[in-house]
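Have your viewer open as you read.

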Amino acid sequence: MFPAMLLMVGIGASAETLTGRVVGVADGDTITVLDANREQHKIRLGGIDAPEKAQPFGQRSKQSMSTLVFGKEVDVQWNKRDRYQRIVGKVMVQPSGCPTCPKTLDAGLAQLTVALAWWYQKYAKEQSTEDAGRYEFAEHEARAKRVGLWADGQPIPPWDWRKGGR
């Protein structure tokens, strides 16, 4: 296996890929990746919005993300930065328990599947049609099963929580 490295490879019209090791998990949708040049990059997972740390399920969401990616090598497919200059992208990681597998696990989709994040519909147009469909379906399934944050009768979306809808 190659050591962690920063690769700027075209995936589409303007997409890039950052490869590195996850050295920090701020919450259920924000991580820090260290590249081969030992430069740290703040990454905001695209397509999802996880509960804030002080919000119900916030700590569980952070723990879930840590289990998925902390200490592991990831590929971040991205094409924009947010207003805080974080890279916004899709984080791909090797599935747990499969050391010979490629990085096929989408960490954002996994957070939706275990019901510890919302699909961020506001930014769906920034996702591929396939990813938007997968994310929407995963949230719909989690809601129907009333698991994770959907076990709460009326969970408050993080974007409302941040506006003071606490």
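Which residues form a disulfide, and how far apart are their sulfur atoms? The pair is Cys98 and Cys101, with the sulfur atoms 1.7 Å apart. A disulfide here is a pair of cysteine sulfur atoms within 2.5 Å. The search of the whole structure turns up 1 disulfide. The link of Cys98 and Cys101 is right-handed, with 65 degrees about the S-S bond. Cys101 has a relative accessible area of 25%, so it is partly exposed. For burial, the scale runs like this: buried is under 20% relative accessible area, exposed is over 50%, and partly exposed is in between (1.4 Å probe, protein chains only).

Some ground rules before going on. This is a predicted model, where local features need pLDDT of at least 70 and side-chain atom pairs count only at pLDDT 80 or more, while totals for chains, interfaces and linings use all residues. Residues are numbered from 1 along each chain as its sequence is written, and side-chain values use heavy atoms, with hydrogens and water left out.

**The overall build**

The protein chain has 4 helices and 8 strands, counted as DSSP runs (H or I of at least four residues for helices, E of at least two for strands) and numbered from the N terminus. Along the sequence, the order is β-β-β-β-α-β-β-β-α-β-α-α. The radius of gyration of the protein chain is 15 Å, which agrees with the value near 15 Å for a compact globule of 166 residues; it is taken over C-alpha atoms, and the globule rule is 2.2 Å times the number of residues to the power 0.38. The C-alpha atoms fill a box of roughly 45 × 35 × 30 Å along the principal axes.

Of the 166 residues, 47% count as buried.

Most residues other than glycine have a negative phi. Here are two that go the other way:

| Residue | Phi | Where |
|---|---|---|
| Phe57 | about 75 degrees | loop between S4 and helix H1 (58-69) |
| Ala115 | about 60 degrees | loop between helix H2 (107-113) and strand S8 (118-119) |

Buried or partly exposed: which is Phe57, and which is Ala115? Phe57 counts as partly exposed at 22% relative accessibility, whereas Ala115 is buried at 0%.

Gly46 sits in the loop between strand S3 (40-45) and strand S4 (48-49). With a relative accessible area of 17%, Gly46 is buried. Leaving aside neighbours within four places in sequence, Gly46 is in contact with Val88, Gly89 and Tyr135. Ile87 is 41 residues from Gly46 in sequence, and their C-alpha atoms are 9.0 Å apart.

Lys62 belongs to helix H1 and is partly exposed, with a relative accessible area of 26%. Which residues does Lys62 contact, leaving aside its neighbours within four places in sequence? They are Val25, Ala26, Asp27 and Gly28. As for Leu34, it is 28 residues from Lys62 along the chain, with 19 Å between the C-alpha atoms.

Conventions:
Contact = heavy atoms within 4.5 Å.
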